[in-house]
Amino acid sequence: MPRARNIKPGFFINEELAECDLAARLLFIGLWCLADREGRLKDRPKRIGAFVFPYEHYDIDDLLNQLYARGFIVRYEANGERYIQVVNFKKHQNPHIREAESEIPAPDQDNNCIMHGDECNDGHLIQAEDNNDIEPNQH
């Protein structure tokens with residue numbers, strides 16, 4: 001179920017995010033609305049695209065990979081399912097107190113693999129660096 005979320009002014013001047021296509025930046029905002037209270041959602045590009053761009057045709061997997069490559073999201077697999085974690089979600093969003101607890105497992109550096117397109121590579125989770133002036137993942 002989509003949820004209301006906040007956009008902070010730093011979103012618009014984030015230089016790292018500006019390296020992504022405009023559609024990827026808009027998709028990023030849409031991911032916040034689709035994510036649960038922990039910033040997690042199922043990695044289902046077709047369904048994500050139907051929600052964020054119901055009247056447009058974009059390669060959602062490519063847009064997600066742009067966000068992944070710059071550390072704004074983590075694409076991972078757990079229990080045979082693919083998921084997305086919005087990095088620093090809880091730092092920038094305040095879910096409603098009555099919002100249901102997450103049913104999606106958190107990314108685990110030891111037991112999950114990082115998703116990038118159709119490849120699954122073992123590795124560590126990408127954590128974007130914080131900057132005191134403008135945070136890379138200010139959302």
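A salt bridge here is a side-chain nitrogen of Lys or Arg within 4 Å of a carboxyl oxygen of Asp or Glu. The views below show a predicted model.

**View 1. Arginine 75 forms a salt bridge with aspartate 43.** The closest N and O atoms of this pair are 2.8 Å apart. Arginine 75 sits in strand E2, residues 73–78. Aspartate 43 belongs to the loop between strand E1 (40–42) and helix H2 (45–52). The pair therefore ties together parts that are 32 residues apart in sequence. Both ends fall below the cut-off for burial, which is under 20% relative accessible area: arginine 75 has 2%, and aspartate 43 has 7%.

**View 2. Aspartate 61 forms a salt bridge with arginine 75.** Here the closest N and O atoms are 2.7 Å apart. Aspartate 61 lies in helix H3 (residues 60–69), and arginine 75 in strand E2. This contact thus ties together parts that are 14 residues apart in sequence. Aspartate 61 is partly exposed, at 23% relative accessible area. Arginine 75, by contrast, is buried.

**View 3. Asp43, Asp61 and Arg75 form one network.** Salt bridges that share partners join the three residues. The count of salt bridges comes to two.

**View 4. Helix H3 is largely enclosed by the rest of the structure.** The reason is burial: seven of its ten residues are buried. They are Ile60, Leu63, Leu64, Asn65, Gln66, Leu67 and Tyr68.

**View 5. Aspartate 59 caps the N-terminal end of H3.** A side-chain oxygen of aspartate 59 lies 3.3 Å from the backbone nitrogen of aspartate 61. After H3 comes glycine 71. The phi of glycine 71 is positive, near 80°.

**View 6. Ile7, Phe12 and Ile13 form a nonpolar patch on the surface.** Together the three residues have about 340 Å² of accessible area. Isoleucine 7 lies in the segment before helix H1 (22–34). Isoleucine 7 is partly exposed, with a relative accessible area of 42%.

How values were computed: Residues numbered from 1 in each chain as written. Predicted model: local features only at pLDDT ≥ 70, side-chain atom pairs only at ≥ 80, totals over all residues. Heavy atoms only, no water. Helix = DSSP H or I, 4+ residues; strand = E, 2+ residues; numbered from the N terminus. Buried < 20%, exposed > 50% of the residue type's maximum accessible area, 1.4 Å probe, protein only. Patch = residues over 30% accessible without salt bridge, like charges linked within 9 Å, V, L, I, M, F, W, Y side chains within 5 Å. Areas by Shrake-Rupley, 256 points an atom, 1.4 Å probe, with all protein chains shown as cover. Polar contact = N/O pair within 3.5 Å; in protein donor to acceptor, adjacent residues only side chain to side chain.
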